[in-house]
Amino acid sequence: MKKLIPLFAFVVMAVQLASAQDTIKQQRYSFHFQQTVITQTKPAFSAPYSGLNSLSPDAETASSITTTFFGAMRLWKGAEFYFNPELSGGAGLSKTLGVAGFPNGETFRVGSASPAIYIARLYFKQNFEWGKDKDTITEGPNQLAGLKSKRYFSFSVGKFGMADFFDGNEFSHDPRSQFMNWALMDNAAWDYPANTRGYTIGLFTELGQPDWTLRFAVTMVTTVPNESVWDAKVDKANTQTIEYEKRYSMGGQKGSFRLLGFLNNGKFGNYDLAVAQNPKAPNVDSTQAYGRHKYGFGINADQYLTKDFGVFAKASYNDGHTETWFFTEIDRSVTFGGTLKGTSWKRPDDELALAFIGNGLSKPHRDYLADGGYGFLIGDGRLNYAPEMIAEVYYKVNAYQHKFFLTPDYQFILNPAYNKDRGPVNVFSIRAHIEF
C-alpha cells in the first residue's frame with residue numbers, strides 16, 4: 001500500500017499537468033440548451049378502410065415538445081465526457097402511426113404522450129492526435145471549443161445517438177432545424193440501432209484525416225422492436241455500422257460524399273415465415289428467433305453550388321426479409337432536395353428548402369402487409385401497394401439573434417404506408433426552436 005501511494009500521486013500529477021497544458025487553448029466546460037415545439041395538423045382525407053396502424057382519415061392536430069440540456073467537460077488531454085438529460089412529451093398525428101416517412105422527426109413511438117425525463121446521452125470520448133495541421137473547433141451543443149488536429153483516432157463508449165456520428169448531411173439531417181420528415185433525417189432504409197427514444201449503447205470509433213473520415217460502431221439491440229430494454233445476449237444481439245466520408249471542393253464550393261453499411265443481428269421475426277404459418281393473419285413477432293440478420297447500405301451526398309444554395313441526395317437499401325426493429329418500415333428509399341439562404345431578399349439567416357422522398361418495401365414485407373400483417377408502425381389490414389411519395393417544403397425564419405427560429409412547413413404525402421387506396425394527405429406544421 002505504501003508503494004501504491006507515491007504511484008497514485010504521480011499519476012494524479014501527470015493528469016493535472018496534461019490538463020493544464022491542454023487547457024491553454026482548449027475549452028474546459030460547455031453548457032447548452034435547446035427546446036423544440038412542433039404542432040402539426042392535417043385535414044380529413046379519403047380512406048375506404050383502415051387498420052390498427054392506419055393514419056386516421058379524420059382531421060386532427062398534434063403537438064410535440066423536446067427539451068435538452070447539453071453538458072460537456074474536458075477531463076484530461078484528449079478526454080471528454082458528455083451528459084445530456086432530455087425531456088420529451090406530446091405525440092405525433094394518429095399516435096405516430098400510419099406513415100413510414102412520418103412527418104414529425106421529433107416524435108417518438110411511445111405509449112404515453114405525457115412529458116418524461118430521461119438520459120439521452122452519457123458517454124466518454126478519448127481522442128489521440130498527430131500531425132501539425134489543425135482545425136479550429138467552435139463551441140456548440142456537445143462540442144468543446146479549441147484546436148483539433150486533422151489527423152486523429154478517437155473512441156467513444158456509453159449511451160449516444162447513432163445520428164450524432166453517422167450519416168450527417170449539410171442540408172438534411174436535423175428535424176429541429178432542417179426538414180422534419182423521418183425519411184430526411186437519415187438514410188431511411190438504415191434500420192439504425194436505437195431504443196424507442198432514438199438512443200443506443202455501444203462503442204464508436206473514428207479515424208480522421210484532412211479530407212476523409214472512417215467510422216465504425218458496435219452497439220446493443222433491444223429485446224423487442226421499438227422498446228427500451230436492452231438484450232443482454234450481446235453475442236447474439238448486436239449491430240455493426242461502418243461509414244466512409246470523403247470531403248472535397250467543387251468549383252470552389254465544399255461538398256461531401258458518404259458510403260454507409262450496416263449489419264443488425266438479433267431475435268428478429270421473418271416475413272415469409274409469418275405468412276407461411278398463418279396466411280390469413282400473419283404475425284411476424286411470433287416467428288422471432290436468434291440468428292436472424294438485416295443488412296443494407298446508404299449513399300449520402302451534399303454539395304454547395306453557391307455560397308447561399310446547396311443540394312443533397314441520398315439512396316438506401318436493406319434486404320427486407322426480417323422485421324423492422326428500430327427505426328421505420330422502409331426497405332428502399334431515395335431522397336433529394338436543396339436549401340437556399342435568404343441573402344437575395346435581404347434575410348441572409350433565413351432558409352427556404354424543398355425535398356422529395358420515395359420510399360419502398362421489399363417483396364416479403366409487402367406480401368406480409370397485404371395479407372393483413374402489422375408492423376410496429378404501419379398496417380392498414382390490407383394493402384394496394386404503391387411507393388410512398390412525399391414532398392416537403394419549409395421556410396425557416398431567424399426570429400431572434402440566431403437563438404430563436406420559427407419554421408412553417410408543408411408536407412404532401414401520396415400513398416401513406418404504401419397504400420394507394422388511402423390519401424393523399426396534407427400536413428401543415430409550425431416549429432418553434434430555441435437554443436443557447
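Strands S1 (residues 29-42) and S2 (residues 60-74) run antiparallel to each other and pair over 14 bridges; pairing here takes at least two DSSP bridges between two strands. Strands are DSSP runs of E, at least two residues long, and helices are runs of H or I, at least four long, both numbered from the N terminus. Within this pair, Thr36 sits opposite Thr66 of S2. S2 also pairs with S3 (residues 79-90), again in the antiparallel sense, this time over nine bridges. Arg74 has Glu80 in S3 as its bridge partner. The S2-S3 hairpin leaves four residues between the strands, and Gly78 there takes a positive phi near 80 degrees.

A word on the ground rules: this is a predicted model, so local features need pLDDT of at least 70 and side-chain atom pairs count only at pLDDT 80 or more, while totals for chains, interfaces and linings use all residues. Residues are numbered from 1 along each chain as its sequence is written, and side-chain values use heavy atoms, with hydrogens and water left out.

Zooming out, the protein has three helices and 16 strands. Its radius of gyration is 23 Å, close to the 22 Å that the globule rule gives for 436 residues, so the protein is as compact as a globular protein of that length. That radius is taken over C-alpha atoms, and the rule is 2.2 Å times the number of residues to the power 0.38. The C-alpha trace spans about 75 × 60 × 45 Å along the principal axes. Of the 436 residues, 51% are buried, where buried means under 20% relative accessible area, exposed over 50%, and partly exposed in between (1.4 Å probe, protein chains only). Taking contacts (heavy atoms within 4.5 Å) between residues at least 6 apart in sequence, 70% join residues at least 24 apart.

Back in S2, Ser64 is buried, with a relative accessible area of 2%. The Ser64 side chain makes a polar contact of 3.1 Å with the side chain of Asn104. Such a contact is a pair of N or O atoms within 3.5 Å; within protein, one must be able to donate a hydrogen and the other to accept it, and residues adjacent in sequence count only if both atoms are side-chain atoms. Leaving aside residues up to four places away in sequence, Ser64 touches Thr36, Val37 and Ile38, among others, as well as Asn104 itself.

Asp302, in strand S10 (residues 289-304), also counts as buried, at 6% relative accessibility.

Tyr395, in strand S14 (residues 388-400), is partly exposed, with a relative accessible area of 23%. Its side chain makes a polar contact of 2.7 Å with the side chain of Asp350. Among the other residues that Tyr395 touches, again beyond four places in sequence, are Trp345, Arg347 and Leu406. The C-alpha atoms of Tyr395 and Gly342 are 9.7 Å apart, with 53 residues of chain separation.

On to the rings. A pair of aromatic rings is described by the distance of the centres and the angle of the planes. Rings of Phe, Tyr and Trp (its six-membered ring) pair if their centres lie within 6.5 Å, and planes under 30 degrees apart count as stacked, over 60 as edge-to-face and the rest as tilted. The count comes to 27 aromatic pairs. Ring pairs link a cluster that includes Tyr82, Phe102, Trp182, Trp190 and Phe327. Charges sit over rings too, meaning NZ of Lys or CZ of Arg within 6 Å of the ring centre and within 35 degrees of the ring normal. Lys148 lies over the face of Tyr152, 4.0 Å from the ring centre, and the charged end of Arg366 sits 4.2 Å from the centre of the Tyr385 ring.

Most residues other than glycine have a negative phi, and most peptide bonds are trans. Thr96, in the loop between S3 and strand S4 (116-137), has a positive phi near 60 degrees and is buried at 1% relative accessible area. Ala417, in the loop between S15 and S16, likewise has a positive phi near 60 degrees, and counts as buried at 3%. Pro424 is in the loop between S15 (404-414) and S16 (425-435), and the peptide bond joining Gly423 and Pro424 is cis, with omega about 5 degrees.
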